[in-house]
Amino acid sequence: MSSHRTPDSSRRSDRSRRAIHEAALALVGEVGYARTTIEGIAARAGVGKQTIYRWWPSKAAVLMDAFLDMAARQAAEADASGGGGEDGIPDTGDLAADLKLVVRATVDELNDPETEAPTRALTAEGVIDPVLGAQFVESLLEPQLQLYVTRLRAGQEAGEVRADVDPRIAVELLVAPLTHRWLLRTLPLTHEYADAVVDHALRGLSART
């Protein structure tokens with residue numbers, strides 16, 4: 001009776017996908033989006049480029065999938081640490097505390113050395129390439145923003161936010177300052193700044209005078 005086991009093709013595929021994701025994120029962070037190629041990703045991941053084309057039609061598709069996978073892993077880690085996750089922003093009844101928790105987590109993600117460079121590269125390329133930019137917003141950014149919208153609507157129902165406030169516009173009062181400071185490096189992006197952003201935004205949204 002043979003002691004050899006049949007190779008698990010699904011595990012091999014998962015390993016290859018993860019290697020390709022990691023290679024794509026690393027390359028786009030090191031050399032930029034324009035200079036990242038399918039050939040370069042394949043070489044870095046230790047796979048044939050035919051393997052990549054079997055799963056993705058283009059470089060943009062590889063990178064988008066890699067970012068979505070990275071975002072899912074970060075959300076799972078945040079959920080495990082109590083910082084929110086796939087269930088959305090926590091609703092403890094204290095809107096300010098809930099928002100500060102998640103905005104601080106966003107600061108940590110933006111400052112993460114592992115992801116900062118590729119995130120900057122893809123963000124910058126999305127400004128130049130409208131198709132890639134639209135994919136980035138639709139697949140990655142907008143679902144995250146909608147979590148804020150849901151929590152702000154709950155705040156409206158609880159009387160913490162004025163009824164006439166548009167939650168989708170209000171979201172940008174919270175996240176746009178972080179993005180501006182991070183992209184332009186105007187000043188350090190810290191937890192203290194995250195708390196101040198939430199406090200300033202809520203003073204303008206509060207139902208109380």
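Me: Hi! Where is Leu 99 found?
Reply: Leu 99 sits in helix α5; helices (H or I, at least four residues) and strands (E, at least two) are DSSP runs, numbered from the N terminus. This is a predicted model, with local features needing pLDDT of at least 70 and side-chain atom pairs pLDDT 80 or more, while totals for chains, interfaces and linings use all residues. Numbering starts from 1 along each chain as its sequence is written, and side-chain values use heavy atoms, without hydrogens or water.

Me: Is Leu 99 buried or exposed?
Reply: Leu 99 counts as buried because its relative accessibility is 0% (buried is under 20% relative accessible area, exposed over 50%, partly exposed in between; 1.4 Å probe, protein chains only).

Me: What is Leu 99 in contact with?
Reply: Beyond its neighbours within four places in sequence, Leu 99 contacts Tyr 148, Leu 152, Leu 174, Val 198 and Leu 202 (heavy atoms within 4.5 Å). Leu 174 is 75 residues from Leu 99 along the chain, yet their C-alpha atoms are 8.7 Å apart.

Me: Which residues touch the most others in the largest nonpolar core?
Reply: Among its 27 residues, they are Leu 99, Tyr 148, Leu 152, Val 171, Leu 174, Leu 178 and Leu 189. Such a core joins buried Ala, Val, Leu, Ile, Met, Phe, Trp, Tyr and Cys through side-chain atoms within 4.5 Å.

Me: Which elements give two or more residues to this core?
Reply: They are α5 (95-111), α7 (130-157), α8 (167-184) and α9 (191-205). Helix α9 gives the most, 7 residues.

Me: And which residues does the second core include?
Reply: That separate core has 26 residues, including Ile 38, Leu 63, Ala 71 and Leu 132.
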